[in-house]
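Let's take a friendly walk through a protein model, one pairing at a time. Please keep the sequence and the 3D view open as you read.

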Amino acid sequence: CSVRIIQRMEYIPARNIISSYSGGNSWFGNNYNMNIYKGCCHGCIYCDSRSECYHVENFDTVRAKENAIQKIRDNLKSKVKTGVIGTGAMSDPYNPYEKELELTRHALELINAYGFGASICTKSTLITRDIDILCDIKEHSPVLTEITVTASEDSLCSILEPNVSKTSERFEAAAKLSKAGIPVDWLFRDRYKKTKEGRNCPKIV
């Protein structure tokens, strides 16, 4: 593409990017949530984030929060308690735009500088780019990476999740993270366990 991603990204206003403190998410152990992007372009056919209950218009269009890094810096400065900051629940922090914008990377740099931990959910191999920062964070705070896997075969993955890293590539990314000493959890999607496609689930394990 001849037009730089940074020039055609739509930016939307946001007062805060990091949520208020919570005692700990029972699923992921997060104390804070951080969403730098809104929407997702992975095109996963099972995604429930498109549900009307979340009130996200044009969910398949990725938008970034205005002045995200400055707002994250301000949010972190104002926190009385440190803790684990989770990202990726509603919008993958490693969408295709992130490769050039590096908003997630710069946010991790701030998380490290202010002594917080990080928990990241993603389907993208781009997370391996930030292994260096994740290792730095792990020196003082918890770090957890969570990679979603839906299908054991790349061919099926291409149908279920057409615009994101293939299953085999995610396995390779997990190996790199693990080799660097970064904990990796797998998030399994079993929405298809009663269908023919769902028979792939045991193969993944």
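## A pair of facing residues

In strand β4, alanine 64 stands opposite tyrosine 37. Strand β4 covers residues 63-65, and its pairing with β3 is antiparallel, over 2 bridges. Two strands count as paired if DSSP finds at least two bridges between them. The strands themselves are DSSP runs of E with at least two residues, while helices are runs of H or I with at least four residues, and both are numbered from the N terminus.

Where does this pair of strands belong? It is part of an open sheet of 3 strands, in the order β1-β4-β3, with mixed pairing. The edge strands, β1 (10-12) and β3 (37-38), each pair on one side only.

## How to read the model

This is a predicted model, in which local features need pLDDT of at least 70 and side-chain atom pairs count only at pLDDT 80 or more, while totals for chains, interfaces and linings use all residues. Residues are numbered from 1 along each chain as its sequence is written, and side-chain values use heavy atoms, leaving out hydrogens and water.

## Salt bridges across the chain

How many salt bridges does a search of the whole structure find? The search finds 6, where a salt bridge is a side-chain nitrogen of Lys or Arg within 4 Å of a carboxyl oxygen of Asp or Glu.

One of them joins glutamate 98 to arginine 129, with the closest N and O atoms 2.7 Å apart. Glutamate 98 sits in helix α3 (residues 98-101) and arginine 129 in the loop between β6 (117-122) and α5 (131-138), so this pair ties together parts that are 31 residues apart in sequence. Glutamate 98 is buried, at 0% relative accessibility, whereas arginine 129 is partly exposed at 24%. Here, buried means under 20% relative accessible area, exposed means over 50%, and partly exposed lies in between (1.4 Å probe, protein chains only).

## Arginine 105 and its partners

Which residues meet arginine 105? Among its partners is aspartate 132, in a salt bridge of 2.8 Å from N to O. This pair links distant parts of the chain, with aspartate 132 in helix α5 and arginine 105 in helix α4, 27 residues apart. Salt bridges with shared partners join Glu98, Arg105, Glu109, Arg129, Asp130 and Asp132 into one network.

Glutamate 109 also forms a salt bridge with arginine 105, the closest N and O atoms being 3.9 Å apart. Both lie in helix α4 (residues 103-113), 4 residues apart, or about one turn of the helix. Arginine 105 counts as buried at 16% relative accessibility, while glutamate 109 is partly exposed at 34%.
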